[in-house]
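Here is a protein chain to look at through questions. Each answer sets a value against a cut-off and then concludes.

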Amino acid sequence: MMPHDDLMNRWQKRLQQQAIQRQQQGLWRQPKVLPGTGLNFCSNDYLGLSHHSQLVEAYQAGLREYGCGSGGSPLISGYQAPHQQLSEKLADWLGREAVLLTGSGYAANYAVTSVFNQLDPMYYFDKRNHASMYDAVGYEWGADQRLRRFRHNDLAHLAQLIEAHPHRSDRQPVIASEGVFSMDGDELPLAELLQLNASHGARLDPAIWIDDAHGIGVNGEQGAGICGQTTAQQVAVVSATFGKTFAMGGAFIAGDRSFIEAAWQHARHYIYSTAFSAAQAHALCTAIDVIKSADVLRQQLRTNIEYFKQGLLSLGWRHQADNQGLNHAIQPVVAGSAHAAIALGEQLARRGIACLAIRPPTVPSAQAGVRVTLRANHQRSDIHQLLDALGPYQTFIRSLPVSDGAS
Ligand SMILES: Cc1ncc(COP(=O)(O)O)c(C=O)c1O
């Protein structure tokens, strides 16, 4: 709580003014403890592994054996036998030569750009990429001399931009995209991108970087994600977090040896940051084994997704054409404005459902809404409850004040 006006410093008053403005715009954020009871439709634990007995046991065994913390950054004491084992397991699973472990997916994306930045890069960048990718390429501080953004998943637009690439031979083109888009739930058409790269890119030899945070574990053969079957020639580097399907935290990048070795030299979030614990690395090794053999869970997840999608369609929230391309656990339910998104989130909360509003700047205003995240361990009755709480689209729209109606 802010102190009384007279007792505030200048900086406190300025922050308060900014806070009031954000609140008025419906853009105020704050962390909330979710109620212990009720339904959760906002967790990224896609396969429901956070309480999986094998993972919990492996974590406990790791704690007993290696203790709580890693004691330092990876280049000092934070690279122990379980970290090495985890790196090798990941590299093997994803068909890459080497892996770098980082404290978060956010840091992993910085590790990627710390390497490309050695090569005078020009980033070709999907407009809907995750904020951590935007930050990693330096968008915020205006590095637009080396950034060309293409319309979301519009590969014809990407081709146009690549055609216009400056003819300086030492400038490295990098195509950067998510594998599954974190707010939209749609997928990068990778096969088309590889084809485009082979034809339009031949002259320039662009490197492809994919952040598959939401795809790994749930998509591809044995959950290896969108890049599982590709080579370093096709997709130079993959980044992904352990915060979603792996149900833990930390992250990695996977690429060829020269790429990872360069990250050892240049990735400041890696070099100057404490590594996650060996206990966690040990548990993550088990998580890989569980995920690789989790076809049944993946099928359950797909069934839940399909069931929810059909329900949403029948309630008028979505058009058939939009519904078809959205096959991931992330299911956006668009309310049409920041205020409408908040109203929808609150409507669900009153029915005991945690599913938070997603608003600008995370998504454009017209896309604001709630982001439903399905899991393999949701029951059909849970999904019914959610659909029931959403109710028909027209009823929701009529419940809004006129100024907040969906566009
Ligand atoms: C696509 C994408 N990349 C990176 C991140 C960041 O990962 P982390 O939470 O491990 O920092 C997220 C979300 O958290 C994400 O959705």
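## Reading the predicted model

By class, three nonpolar, seven polar and two charged residues make up the shell around the ligand. The model is predicted.

Q: Which residues are around the ligand?
A: They are S104, G105, Y106, H130, S132, E178, S182, D211, A213, T241, G243 and A251. Each has its C-beta atom within 6 Å of the ligand.

Q: What makes two of the residues around the ligand charged?
A: Asp and Glu count as charged. The shell includes E178 and D211, and its class count has two charged residues.

Q: Why is W209 called buried?
A: A residue is buried if 20 or more other C-beta atoms lie within 10 Å of its own. W209 has 28 such neighbours, so W209 counts as buried. W209 sits in strand β6, residues 207-211.

Q: Which residues does W209 touch, leaving aside those up to four places away in sequence?
A: W209 touches V112, V174, A176, A236 and V237. Take V174: W209 and V174 are 35 residues apart in sequence, yet their C-alpha atoms are 7.0 Å apart in space.

Q: Why is Y307 called partly exposed?
A: Buried needs 20 or more neighbours, and exposed needs 12 or fewer. Y307 has 16 C-beta neighbours inside 10 Å, so Y307 counts as partly exposed. Y307 belongs to helix α11, residues 295-314. Not counting residues up to four places away in sequence, Y307 touches R380 and I383.

Q: What makes α10 mostly covered?
A: Twelve of its 15 residues are buried. Among them are A278, H282, L284, I288 and V290. What covers the buried residues of α10 includes α2 (53-66) and α3 (81-94).

Q: How do you know that the buried residues of α7 line one face of the helix?
A: The buried residues of helix α7 (190-199) are L190, L193 and N197. Seen down the axis of α7, they fall within an arc of 55°, so they line one face. An α-helix has 3.6 residues a turn, so residues three or four places apart point the same way. On the other side of α7, A191, A198 and S199 are exposed. The buried residues of α7 pack against α6 (155-163) and β6.

Q: How do you know that the span of α13 agrees with its number of residues?
A: The 13 residues of helix α13, 338-350, should span 18 Å at 1.5 Å a residue. Its end C-alpha atoms are 19 Å apart, which agrees.

Q: What do the buried residues of α13 pack against?
A: They pack against β10 (353-354), β11 (357-358), β12 (369-373), α14 (380-390) and α15 (393-399). These buried residues include A338, I342, L344 and L348. G352 follows α13, and its phi is positive, near 75°.

Q: Which domains does the domain assignment give?
A: It gives domain 1 (53-292) and domain 2 (294-401). The contact takes twelve residues from domain 1 and 14 residues from domain 2. On the side of domain 1 that touches domain 2, five residues are nonpolar, four polar and three charged. The C-alpha centres of the two domains lie 28 Å apart.

Methods: Residues numbered from 1 in each chain as written. Predicted model: local features only at pLDDT ≥ 70, side-chain atom pairs only at ≥ 80, totals over all residues. Helix = DSSP H or I, 4+ residues; strand = E, 2+ residues; numbered from the N terminus. Contact = placed C-beta atoms within 7 Å. Domains from an automatic or database assignment. Arc of directions from axis to C-beta. Expected span 1.5 Å × (residues − 1).
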